[in-house]
Amino acid sequence: FAVKDDDVDAENQIKSCVIASGNLYLSFYLELVLNTVTIRMSGPLDYENNTVFVLVIECQDGGTPPLKGSARLTVEVTSVNEFPPRFTAASYSKDIVESASVAETVLTLTATDDDDGSDGNFRFAIVSGIGATDFSVGSVGGVISVARPLDYE
């Protein structure tokens, strides 16, 4: 973002700049050094709180009378995958009879992910454990079911 003042006299060049509007959560600030304005972030931006900022920047020179100019800057925030999926329980337990039929539902896992958009999508999978091959899990719905005949012995 560049601001230019064509006045050659130092006293008539840019003296101040402000973010006149659009600075939600005070997310940005300005630095004015040697007639150059730099817009900086006050901290990390959070896509889940605000996806776009429309900033109006106003600058004023030191002339008599002082003159102002303004510009609009649109900042689009992109989402990043910052939250892991969270199960609603730390562990699950279910008794099932040995004669349970293949494809019988054992239980349904539930989990959430606070990311927006595709970053909030996740899949369930059984990755290890004793008897892991005896059961399957629906990758989207989290339904655990019997995958093959069970043998207690």
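Where along the protein chain does Y25 lie? Y25 is in the loop between β1 (14–21) and β2 (28–33). Let's start with the whole chain and then come back to that loop. Please keep in mind that this is a predicted model.

## The chain as a whole

The protein chain has 10 strands and 0 helices.

What are the dimensions of the C-alpha trace along its principal axes? They come to about 95 × 20 × 20 Å. The radius of gyration is 29 Å, whereas a compact globule of 153 residues would have one near 15 Å.

## Surface and contacts

Of the 153 residues in the protein chain, 22% count as buried. The chain exposes about 10,600 Å², and 53% of that area is supplied by carbon and sulfur atoms.

Contacts tell another part of the story. Among those in the protein chain with a separation of 6 or more, 52% are between residues 24 or more positions apart.

## The largest pocket

How much space lies in the largest pocket? The volume is about 430 Å³. The pocket is lined by 18 residues, and those nearest its centre are Y92, L109, I126, F135 and I144. The elements giving two or more residues to this lining are β7 (105–108) and β9 (135–137).

Sorted by class, the lining has 14 nonpolar residues, 3 polar ones and 1 charged one.

## Back to the loop between β1 and β2

Two residues here are worth a look for their backbone angles. Y25 has a phi near 60 degrees, a positive value in a residue other than glycine. L26, also found in the loop between β1 and β2, has a positive phi of about 50 degrees although it is not a glycine. For context, most residues other than glycine have a negative phi.

Are these residues buried or exposed? Y25 has a relative accessible area of 60%, so it counts as exposed. L26 is exposed too, because its relative accessibility is 62%, and the cut-off for that class is over 50%.

A cis peptide bond joins T64 and P65, with omega at about -5 degrees. P65 lies in the loop between β4 (52–61) and β5. In general, most peptide bonds are trans.

Further on, T78 sits in the loop between β5 (68–76) and β6 (86–87). T78 is exposed, with a relative accessible area of 63%. T78 and V18 are 60 residues apart along the chain, and their C-alpha atoms are separated by 25 Å.

Key
Residues are numbered from 1 along each chain as its sequence is written. This is a predicted model: local features need pLDDT of at least 70, side-chain atom pairs count only at pLDDT 80 or more; totals for chains, interfaces and linings use all residues. Side-chain values use heavy atoms; hydrogens and water are left out. Helices (H or I, at least four residues) and strands (E, at least two) are DSSP runs, numbered from the N terminus. Buried means under 20% relative accessible area, exposed over 50%, partly exposed in between (1.4 Å probe, protein chains only). On a 1 Å grid over the protein atoms alone, a cavity is a set of points where a 1.4 Å probe fits but cannot get out, and a pocket is an open set with protein on both sides within 12 Å along at least five of seven lines; lining residues have an atom within 4 Å of a point. Grid points are joined across faces, edges and corners, and a volume is the space filled by probe spheres set on the points. Ala, Val, Leu, Ile, Met, Phe, Trp, Tyr, Cys and Pro count as nonpolar, Asp, Glu, Lys and Arg as charged, and the others, Gly among them, as polar. The radius of gyration is taken over C-alpha atoms; the globule rule is 2.2 Å times the number of residues to the power 0.38. Contact means heavy atoms within 4.5 Å. Accessible areas come from the Shrake-Rupley method with a 1.4 Å probe; for residues, only the protein chains shown count as cover.
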